[in-house]
Amino acid sequence: MADPVLWTLAGTTAATVLFLLERRAKLRPTALDAWAATHHFPLQRDVPAHALSSLEPLALLPTVMAVERLAQGTLRSDQLAMSTTLSVCVVGGERQARRFLLGAFGGHPDMPALRVLPASVRDAPSHLGFVEMPAAGLPDAYRIESFQPLRTDLTQALGAALRDAGGDGSYRIELRSGRILIAAPHQPGGSPDALIALGARLSEQLFTLLGPPAEAPEPNQKAGGSCKTSGLPPQLGGCGSCGCG
């Protein structure tokens, strides 16, 4: 029987090596490190994966296993101020783990739900109900999926933005109400500037195409005056929203 001391020593050594390799991986510079320092964006390192819970379910990437970097703030230009979240994510399983740069930008609240993926990609979530749609003006390197047919001017705008962005057909885009998500494979030593420029262009173009956001409906009112129980829960005589019965 082997000496248990040797087994213990071997196990401890292996655990130490794995710990050092993981620590080294976490300390590797990412595309966000230098950019965040240059643009004075607060940068968090090695944050929990649930830091992106507000973006779930992500329709453009496999499951996010880890978030190596996270930067949040507001990008401003002469044309717009755009809320921005940038992250470097590890996606997929242990054997197929890949790193992506993911950007989330503020957008028009009336945008249709859709995703644009590289034509050859098959790793995006398939259970969300997206269906491939005809898309005039979209480059051949991409396909577009939605829940309903899409306006031609919208697909043409997406196509023009992707052609100008280049990227060798590697961008992934998801539109949802009030949010534009863009992902691209992480490039060591790269910069998120091209991804940010694509997000800013899409935000500006979509506001132009879709026009002023629809106004929120007025709160319900009782005849003869304002609802007196507005905001009260049911047990206090309200309906929980306007109080009307």
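## Elements of the chain

Helices are DSSP runs of H or I with at least four residues, strands are runs of E with at least two, and both are numbered from the N terminus. The model described here is predicted. Its chain holds four helices and nine strands. Read from the N terminus, the order of elements is α-α-β-β-β-β-β-β-β-α-β-β-α.

## The chain as a whole

The chain has 245 residues, and 39% of them count as buried. Its accessible surface comes to about 14100 Å². Carbon and sulfur atoms account for 56% of that surface.

How do contacts span the sequence? Take the contacts between residues at least 6 apart in sequence: 59% of these join residues at least 24 apart.

Helix α2 covers residues 31-39. Its buried residues are Ala31, Leu32, Asp33, Trp35 and Ala36. What do they pack against?

Is alanine 34 buried or exposed? Its relative accessible area is 53%, which is over the 50% cut-off, so alanine 34 counts as exposed. Alanine 34 and serine 191 are 157 residues apart in sequence. In space, their C-alpha atoms are 8.2 Å apart. Just after α2 comes histidine 40, with a positive phi of about 55 degrees.

## Helices α3 and α4

Helix α3 spans residues 152-165, and helix α4 spans residues 193-210. They pack at an angle of about 160 degrees. Their axes are 10 Å apart. Angles over 145 degrees count as roughly antiparallel, and α3 and α4 are therefore roughly antiparallel to each other. The crossing of α3 past α4 is right-handed.

Which residues make the contact? On α3 they are Asp153, Leu154, Ala157, Leu158, Ala160, Ala161, Leu162, Asp164 and Ala165. On α4 they are Leu198, Arg201, Leu202, Gln205, Leu206 and Leu209. By type, the contact has 11 nonpolar residues, one polar and three charged.

## Where the helices link up

Methods
Residues numbered from 1 in each chain as written. Predicted model: local features only at pLDDT ≥ 70, side-chain atom pairs only at ≥ 80, totals over all residues. Heavy atoms only, no water. Axes fitted to C-alpha atoms, helices over the stretch in contact; angles between N-to-C directions. Parallel < 35°, antiparallel > 145°, perpendicular 65-115°, else oblique. Left-handed = near helix turned anticlockwise from the far one by under 90°. Contact = heavy atoms within 4.5 Å. Nonpolar A, V, L, I, M, F, W, Y, C, P; charged D, E, K, R; others polar. Buried < 20%, exposed > 50% of the residue type's maximum accessible area, 1.4 Å probe, protein only. Areas by Shrake-Rupley, 256 points an atom, 1.4 Å probe, with all protein chains shown as cover.
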